[in-house]
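Here are some notes for a first look at this structure. They are set out as numbered points, to be read alongside the coordinates.

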Amino acid sequence: MENNKRPETMERITTPALAEAFIEEQLSALREQIGDKKVLLALSGGVDSSVVAALLIKAVGKQLVCVHVNHGLLRKGEPEQVIEVFRNQMDANLVYVDAVDRFLDKLAGVAEPEKKRKIIGAEFIRVFEEEARKLDGIKFLAQGTIYPDILESGPVKAHHNVGGLPEDLDFELVEPIKLLFKDEVRVVGKALGLPDNMVYRQPFPGPGLGVRCVGAITRDRLEAVRESDAILREEFAKNGLAGKVWQYFTIVPDFKSTGVRDGLRSYDWPVVIRAVNTRDAMTATVENVPFELLQHITARITAEVPGVNRVLFDLTPKPSGTIEWE
């Protein structure tokens, strides 16, 4: 575990110059470790895996194979952004896997949160293993492990779910950002030229929107989560809240209430808005979102998102609530 201990003398990466020095050091280390072999990476589009991908593209180019699994639980536009940034702009060797039906079929009728998480994690491992076995000459597995992951859960990044790959694949790990904290990863990502909405992406749970479609996931309610979340993010960005609020998202619980749409009685879902600030995610306070903005967001969501007739705002801090609902 000595290699996984951050040296006390290691300077915090807070400036572009320090980020550039770190990048040069890592490029040299990656080329030495990987040589002429191939390396595989599960690329989610989150900041950690994206920074690792950008580092490896600079270091070994097409020797890196990125696998992006679309399980249907990503936010609006995220799979398209991964393809645009990495395949089209960075010329990465990217394998895109459309596994939406596979995941949603497995999740059909499953309401218990922990069971949903286990299904999503296990299915991700199966899909990733299948893609890995199609490829020849893969010697290394890259992961977006960062220092808090090591402090909290050991050297394998649990939420990427690739730690459970079968032993016969026998990959050697490549973890170039494992000694960095999240804020340092963002500085490095910026220096690597990744877009701001990827570098400064807010925290996103491993099971994605699966834990924000509360209860048993249905395709129509999942779309209500995705569309309402996109509206919330767009309005927060327009109104200067995107960089001010630590995490903000929508939830669609599995119950309906009576409403009125186009002069007729409707029976539809509510959308719940959650917006919180925190230093360490152990406690959280609720952002004081201007009432006029909440009214505008409500009008947009109820007009633009099918199957929704109410918008609620979650006023609960942590504790007694948690940040996510599941």
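1. Val 39 has Phe 140 of strand 4 standing opposite. The model is a predicted one. Lys 38 likewise has a counterpart in strand 4, namely Ile 138. Strand 1, residues 38-42, and strand 4, residues 138-142, are paired in the parallel sense, and four bridges are found over this pairing.

2. Strand 1 also pairs with strand 2, which covers residues 64-70; the two run parallel and are joined by four bridges. Within that pairing, Val 67 of strand 2 is the bridge partner of Ala 42. Between strand 1 and strand 2 the chain passes through helix 2, residues 47-60, in a β-α-β crossover that is right-handed.

3. Is strand 1 mostly covered or mostly open? Of its five residues, four are buried, and strand 1 is mostly covered.

4. In what order do the strands of the sheet lie? The sheet is open and has five strands, in the order 3-2-1-4-5, with parallel pairing. Strand 3 (93-98) and strand 5 (172-174) are at the edges; each has a single partner strand, so one side of each has no neighbour in the sheet. Averaged over the sheet and ignoring direction, neighbouring strands are turned by 30 degrees against each other. Helix 2 packs on this sheet and touches strand 1, strand 2, strand 4 and strand 5. The direction of helix 2 makes about 160 degrees with that of strand 1.

5. The next topic is the nonpolar interior. In soluble globular proteins, nonpolar side chains tend to be buried together. The largest nonpolar core here has 52 residues, and those touching the most other members are Leu 40, Val 69, Phe 128, Phe 171, Phe 236 and Ile 301. Helix 5, residues 113-134, supplies the largest share of this core, with seven residues.

6. Which residues does Leu 40 touch, not counting residues up to four places away in sequence? Among them are Val 65 and Val 67, as well as Ile 138, Phe 140, Leu 141 and Ala 142. Phe 128, Ala 132, Leu 135 and Phe 171 are also touched by Leu 40.

7. Val 51 is a residue of helix 2. Its relative accessibility is 0%, so Val 51 counts as buried. With neighbours within four places in sequence left aside, Val 51 is in contact with Ile 177, Val 185, Val 188, Gly 189, Leu 192 and Leu 194. The C-alpha atoms of Val 51 and Arg 186 are 8.2 Å apart in space, although the two residues are 135 residues apart in sequence.

8. How many salt bridges are there? The count comes to 31 salt bridges. One of them joins the side chains of Arg 102 and Glu 130, at 2.8 Å from N to O. Arg 102 belongs to helix 4, residues 100-107, and Glu 130 to helix 5, so this pair ties together parts 28 residues apart in sequence. Both ends are partly exposed: Glu 130 has a relative accessible area of 37%, and Arg 102 has one of 28%.

9. Another salt bridge is formed by the side chains of Arg 300 and Glu 234, at 3.2 Å from N to O. Because Glu 234 is in helix 9 (residues 219-238) and Arg 300 in helix 10 (residues 291-304), the pair ties together parts that are 66 residues apart in sequence. Arg 300 is buried, with a relative accessible area of 15%, whereas Glu 234 is partly exposed at 37%.

10. Arg 300 also meets Glu 304 in a salt bridge between their side chains, at 2.8 Å from N to O. These two residues are four apart in helix 10, which means that about one helical turn separates them. Glu 304 is partly exposed, and its relative accessible area is 44%.

11. Finally, Arg 102 and Glu 130 belong to a network. Salt bridges with shared partners join these two, Lys 106, Glu 123 and Arg 126 into one network.

Terms used: Residues numbered from 1 in each chain as written. Predicted model: local features only at pLDDT ≥ 70, side-chain atom pairs only at ≥ 80, totals over all residues. Heavy atoms only, no water. Buried < 20%, exposed > 50% of the residue type's maximum accessible area, 1.4 Å probe, protein only. Pairing = 2+ DSSP bridges. Right-handed = clockwise from strand over helix to strand, strands pointing away. Axes fitted to C-alpha atoms, helices over the stretch in contact; angles between N-to-C directions. Contact = heavy atoms within 4.5 Å. Core = buried A, V, L, I, M, F, W, Y, C linked by side-chain atoms within 4.5 Å. Salt bridge = Lys/Arg side-chain N within 4 Å of Asp/Glu carboxyl O.
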